[in-house]
Amino acid sequence: MQKFSVDKSGFYGEFGGAYIPEILHRCVTELQDSYLEILESDAFREEFNRLLRDYVGRPSPLYLSGYLSARHGCRVYLKREDLNHTGAHKINNTIGQILVAKQLGKSRIIAETGAGQHGVATATVCALMQMECIVYMGKTDVERQAVNVRKMEMLGATVVPVTSGNMTLKDATNEAIRDWCCNPANTHYIIGSTVGPHPYPDMVARLQSVISEEIGRQLMEKENRPSPDYLVACVGGGSNAAGTIYHFLAEERVKIVLAEAGGKGIHSGESAATIQIGTEGIIHGCKTLVMQTEDGQITEPYSISAGLDYPGIGPIHAHLAKTRRAKVVAVNDDEALRAGLALTRNEGIIPALESAHAIAALDKIRFNQGDLVVLTLSGRGDKDLETYFKINDIIE
Ligand SMILES: Cc1ncc(COP(=O)(O)O)c(C=O)c1O
């Protein structure tokens, strides 16, 4: 059997590790040395579970979608992370990390954000814990996710628009790392996905694994089965996917489908289909698949969905793809938009554009009648309404 847990140096097979500048060595090592002890302590578990239940509203429902089940000729359940406080799965991770930051005695929080969901989730927990919060966000994303910017500011965060590169998630992450280098002693960097140097991919996957823990329990209640035939999730950096598959990884009969952003087509030069067109490289402190030129310059990614617009991928997912444990499909912008609108019209659920990629991926799989499928609806579409309105007007 393949090994999917992280080793002592932070590797999943050949991917992972911690490639960091000297100045960050102390705080990254401090985190590496303490995260497992903190996450596994009774005090942490009690507070984390209390906040997930009473503040976030967990467990999130597992909902049998009549529309998707009829369309695909099998039973399709939606794991409703869109119903969480702040509208996405990102809050699971930020609640956990702010508790870790407090335990480490940090007073200042920084974060990067693409779609703004992680930024809002970070600003929210900082308001809850009364901690200073600075969120770096590419200027392109500031413009396409304006409501989330206003929300972060309302919550008391400072949003810093980043104007380097194509002004999206990669550039925001660069700026956040630069800030961390200048303020290593008092600052905790809440990374929003299963990316970055070890221990972030493992820490974020563990914090998001509440998703798969609940799926197992809920399937038992609803279907009298402990696991599904398929798990489907979109991947930006990979946190909702990692959380969805965490407790099922060792069960080889559970098929994993990861949907990445095909943008305008994976060979169009305008996509973020990192797993399919990326090559091995280092980005933001981690060895993984990276969209890059032959001489190692990062290629600018593109997706209609700000949360998937990233030229790297979590090392867990790079490893899952390389070992063929996961099937990876690219979903283009227009396929995602249409799938999102179809769910809206036929099920009364407006999904985030990121999640709409996972829904569209179902069309690329041939299911059998008895199959049991669980798809993680990672977030709600409120932040994407402007984009949906445009395409809806064209279709009408
Ligand atoms: C709703 C939603 N889903 C998915 C993602 C992608 O992130 P990840 O791959 O870490 O789940 C984002 C990122 O912002 C998001 O906002």
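Residue numbers start from 1 along each chain, following the sequence as written. Because the model is predicted, local features need pLDDT of at least 70 and side-chain atom pairs count only at pLDDT 80 or more, while totals for chains, interfaces and linings use all residues.

View 1. The chain splits into domain 1 (21-51 + 90-203) and domain 2 (57-88 + 208-395), with bounds that come from an automatic or database domain assignment. Their centres, taken over C-alpha atoms, sit 22 Å apart. Here 29 residues of domain 1 are in contact with 31 residues of domain 2; contact means C-beta atoms, placed from the backbone, within 7 Å. On the domain 1 side, the elements giving two or more residues are α4 (90-103), α5, α6 (139-144), α7 (146-154) and α8 (169-182). Helices here are DSSP runs of H or I, at least four residues long, numbered from the N terminus. That side has 10 nonpolar, 15 polar and 4 charged residues. For these classes, Ala, Val, Leu, Ile, Met, Phe, Trp, Tyr, Cys and Pro are nonpolar, Asp, Glu, Lys and Arg are charged, and the others, Gly among them, are polar.

**View 2. A look at helix α4.** With 14 residues, α4 reaches 20 Å from its first C-alpha to its last, close to the 20 Å expected at 1.5 Å a residue (that is, 1.5 Å times one less than the number of residues). Since 12 of those 14 residues are buried, α4 is largely enclosed by the rest of the structure. Buried means that 20 or more other C-beta atoms, placed from the backbone, lie within 10 Å of the residue's own. Among the buried ones are K90, I91 and N92. Just past α4, G105 takes a positive phi of about 75°.

**View 3. The largest nonpolar core.** This core has 116 residues, and V135, L231, V232, L258, A259, A361 and L375 have the most contacts inside it. Both domain 1 and domain 2 give residues to this core, so it lies between them. A nonpolar core joins buried Ala, Val, Leu, Ile, Met, Phe, Trp, Tyr and Cys residues through C-beta atoms within 7 Å. Leaving out residues up to four places away in sequence, L375 touches V76, L78, V232, A358, I359 and L362.

**View 4. Around the ligand.** Of the 20 residues around the ligand, G236, S239, G307, E354 and G379 come nearest; a residue counts when its C-beta atom, placed from the backbone, lies within 6 Å. Helices α5 (117-129), α11 (239-245) and α15 (353-361) each give two or more residues to this shell. By class, the shell has 6 nonpolar, 13 polar and 1 charged residues. Domain 1 and domain 2 each supply at least three of the shell's residues.

Note on methods:
Two residues are in contact if their C-beta atoms, placed from the backbone, lie within 7 Å.
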